[in-house]
Amino acid sequence: MDKKVPIVLIVEDDEDLLYHIKRLFKRNGFVAIGATTVKSAHEEMDINVFDAFILDIELPDGNGFDLCEEIRSKNDNTPILFLTGMLGMAAKSMDSNADYFISKPFDNDELVAAIRRLVRRTLNENKKLAEAQKISKGPLTLNMQEGKAYLNGRDIALSGKEFNLLALLMQNEGKQLTYDKIYMSIWKSSMNNDPNTLRKTISRLRKKLDEDSSSEFSIVNQHKQGYMFIMSYQHSLN
C-alpha cells in the first residue's frame with residue numbers, strides 16, 4: 001500500500017451495518033467515510049477525493065448502479081465495489097462498471113482484502129501511467145502531462161512552443177529533423193523560406209537548457225538543414 005492513507009466512501013442505508021463497516025476499515029488503516037443516501041454521497045464527493053467506493057444497491061433516494069455510473073464518469077479508474085444482499089443482483093453487478101462485488105452477509109477479511117487489492121492495483125496503474133508520460137534523457141526530464149521540463153530536478157520554465165519543440169527533438173533522439181518537418185509539427189505551417197522563428201526558439205531553448213555547462217546532451221544543427229537532439233555518447237560515435 002502507498003504511504004498515503006487511502007480514503008474509502010461507504011454508501012449504505014443500514015446505519016448499523018454502515019457503522020460496522022466504517023469501524024472495520026478504520027481498524028485496517030483506512031480513512032472511512034459513510035453516507036446513507038445518494039444525496040449525502042454526492043455531498044461527500046464534493047469535499048473529498050476517494051481512493052475507493054463501496055456501494056449498496058438499493059438506497060432511499062436512488063440506486064447504486066446509477067451512482068456507480070456517475071462516479072465512473074468522473075473517476076475513470078477509482079475502484080468501485082458493490083455490496084449487496086439482493087438475490088439476482090450479483091450478475092447485474094458484474095455487468096456494471098464496478099470492479100468487484102461481494103454478497104451480504106460478507107466476511108470482514110474478504111471485504112478489506114478486496115478493497116486493499118483494488119486500491120493497490122489502481123496505485124500501480126496510475127504510477128505506470130505517470131511514468132509513461134515522462135521522457136528522461138540524462139539530467140533532462142519532460143513531464144508530458146504537466147507540459148514542463150526539468151533539468152536536474154529544476155523547472156526551467158519553457159513556453160508552450162519551446163516545450164513542444166524540445167519534446168519533438170527528444171522523442172527523435174539521434175535523428176535529424178528538417179526545418180520544414182519541425183515547422184509543420186510545431187507551428188502547423190510550412191517554413192516559407194523564413195527560418196528565423198525556429199532559430200530564435202532554438203536559441204531561447206539552448207539558453208534555458210544551459211547547454212554550455214552540460215556535457216551530457218546538446219541540440220545540434222545538422223548540415224544547416226535541420227536540428228537533432230543528441231546525447232554525449234552519440235557524440236563519440238560521430
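1. Two strands pair if DSSP finds at least two bridges between them; helices (H or I, at least four residues) and strands (E, at least two) are DSSP runs, numbered from the N terminus. The model is predicted: local features need pLDDT of at least 70, side-chain atom pairs count only at pLDDT 80 or more, and totals for chains, interfaces and linings use all residues. Residues are numbered from 1 along each chain as its sequence is written, and side-chain values use heavy atoms, with hydrogens and water left out.

2. β13 and β14 form a hairpin with three residues between them. In the turn, His 223 has a positive phi of about 55°. The two strands run antiparallel and are joined by six bridges; Ser 218 has Ile 230 in β14 as its bridge partner.

3. There are six aromatic pairs in the structure (rings of Phe, Tyr and Trp, the last by its six-membered ring, with centres within 6.5 Å; planes under 30 degrees apart are stacked, over 60 edge-to-face, the rest tilted). One of them is the tilted pair of Phe 50 and Phe 53, at 5.6 Å centre to centre and 55° between the planes. Phe 50 is buried at 6% relative accessible area, and Phe 53 is buried at 2% (buried is under 20%, exposed over 50%, partly exposed in between; 1.4 Å probe, protein chains only).

4. Phe 217 and Phe 229 are stacked, because their ring centres are 5.8 Å apart and their planes at 15°. Phe 217 belongs to β13 (217-222) and Phe 229 to β14 (226-231), so this pair ties together parts twelve residues apart in sequence. Phe 217 and Phe 229 are both buried.

5. Ten salt bridges are present (a side-chain nitrogen of Lys or Arg within 4 Å of a carboxyl oxygen of Asp or Glu). Lys 104 takes part in a salt bridge with Glu 12, at 2.8 Å from N to O. Glu 12 lies in the loop between β1 and α1 and Lys 104 in the loop between β7 and α5, 92 residues apart. Glu 12 is buried at 2%, whereas Lys 104 is partly exposed at 25%.

6. Asp 56 also forms a salt bridge with Lys 104, with the closest N and O atoms 3.4 Å apart. Asp 56 sits in the loop between β3 and β4, so the pair ties together parts 48 residues apart in sequence. Asp 56 is buried, at 7% relative accessibility.

7. Lys 137 and Glu 173 meet in a salt bridge of 2.6 Å, N to O. Lys 137 is in strand β8 and Glu 173 in the loop between α6 and β12, 36 residues apart.
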